[in-house]
Amino acid sequence: MTQGELTGITAIVTGASRGFGHATALALAAAGAAVFGVARTAQPLYDLHQRIGDAFVPVVADAADPAVARDLVLAHRPTVLVLNAGAIPPMGAIEELTWDEFSHNWNVDTRHAFGWIREALRAPLAPGSTVVAVSSGAALRGSPLSGGYAGAKSAIRFISSYAATESARLGLGIRFVTLLPQLTPDTALGAAGSAAYAARQATDLDTFLDALRPILTAEHFGREVVGLIAEANGPAAAEYLLTGTGRQVVS
């Protein structure tokens, strides 16, 4: 990706204050896009604005609020949506969790993806726009120490797929891509999960992480998102498992 390759593109990135969202906002701005970064935590967004400059606009708001999705989509008419916002799940075996803890990610991650994807179709976004929904590798394998997290992320896959079908049926020309990143200690969520699973296996963290190498980094994730957006002939709907070695089509 060369600087300026995404000049003229307006992107909205949810969960832009940390982890994958933070790195994606940086990568998009470096490629020339005008980026609106949404998160509830203000200071990291302002720090990012200081670092990037006017190419990044902080939006302090709850990305899971459907009114936020509606207002920002209608106000800015983005050609790129990166739906990354999500909560760190309560860690524990199923018998240790309450229903509120178990369903936490449904009420944040899934609700947020549903709201933004619905607005992308309703607006609608311009033909050729791209919506990147961030799911998780846990949607393929489960995640027994994080309650409903895997199910919530699996639901995001379905929502994105349904939206792609609607886009085709209505002739909207909107591209829907779902990314399923593997567990990584490079994000707060992944660090918590890695520590919990290492403890469950009665092994040290370094030994547990050996099985994940090469480690997927947030920077790598951001580059992959930008690469997907820049693909002129990319598929109208696709799912990719994302690891430290790159992306693989989920069949």
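1. A word on burial to start: a residue is called buried under 20% relative accessible area, exposed over 50%, and partly exposed in between (1.4 Å probe, protein chains only). Ser17 counts as buried because its relative accessibility is 14%. Ser17 sits in the loop between strand S1 (10–14) and helix H1. Beyond its neighbours within four places in sequence, Ser17 is in contact (heavy atoms within 4.5 Å) with His22, Ala39, Thr41, Pro44 and Leu45.

2. Please keep in mind that this is a predicted model, in which local features need pLDDT of at least 70 and side-chain atom pairs count only at pLDDT 80 or more, while totals for chains, interfaces and linings use all residues. Residues are numbered from 1 along each chain as its sequence is written, and side-chain values use heavy atoms, with hydrogens and water left out. Helices (H or I, at least four residues) and strands (E, at least two) are DSSP runs, numbered from the N terminus.

3. Now to the largest pocket, which holds about 970 Å³ of space. A pocket here is an open set of points on a 1 Å grid over the protein atoms alone, where a 1.4 Å probe fits, with protein on both sides within 12 Å along at least five of seven lines; lining residues have an atom within 4 Å of a point. Grid points are joined across faces, edges and corners, and the volume is the space filled by probe spheres set on the points. The lining has 50 residues, and Ala87, Tyr149, Thr187, Leu189 and Gly190 lie nearest the centre of the pocket.

4. Which helix gives the most to that lining? It is H8, with six residues. Among the elements that each supply at least two lining residues are H1 (19–30), strand S2 (34–39), H5 (104–122), H7 (149–170) and H8 (188–200). By type, the lining has 24 nonpolar, 19 polar and seven charged residues. In this scheme Ala, Val, Leu, Ile, Met, Phe, Trp, Tyr, Cys and Pro count as nonpolar, Asp, Glu, Lys and Arg as charged, and the others, Gly among them, as polar.

5. H5 and H7 also meet one another: their axes come within 9 Å and cross at roughly 10 degrees. Axes are lines fitted to C-alpha atoms, for helices over the stretch in contact, and angles run from 0 to 180 degrees between N-to-C directions. The residues of this contact divide into eleven nonpolar, five polar and three charged. On the H5 side they include Trp106, Phe114 and Ile117, and on the H7 side Tyr149, Ile156 and Ile159.

6. Ala138, in helix H6, is worth a look too. Ala138 is buried, at 11% relative accessibility. Its C-alpha atom is separated by 7.4 Å from that of Lys153, 15 residues apart along the chain. Leaving aside neighbours within four places in sequence, Ala138 touches Ser143, Tyr149 and Ala150.

7. Finally, some backbone details to check. The Ala123 to Pro124 peptide bond is cis, with omega near -20 degrees, and another cis bond joins Arg213 and Pro214, with omega about 0 degrees. Arg77, not a glycine, has a positive phi of about 45 degrees and counts as partly exposed at 45% relative accessibility. Ala202, also not a glycine, has a positive phi of about 55 degrees; this residue lies in the loop between H8 and H9 and is exposed, at 73%.
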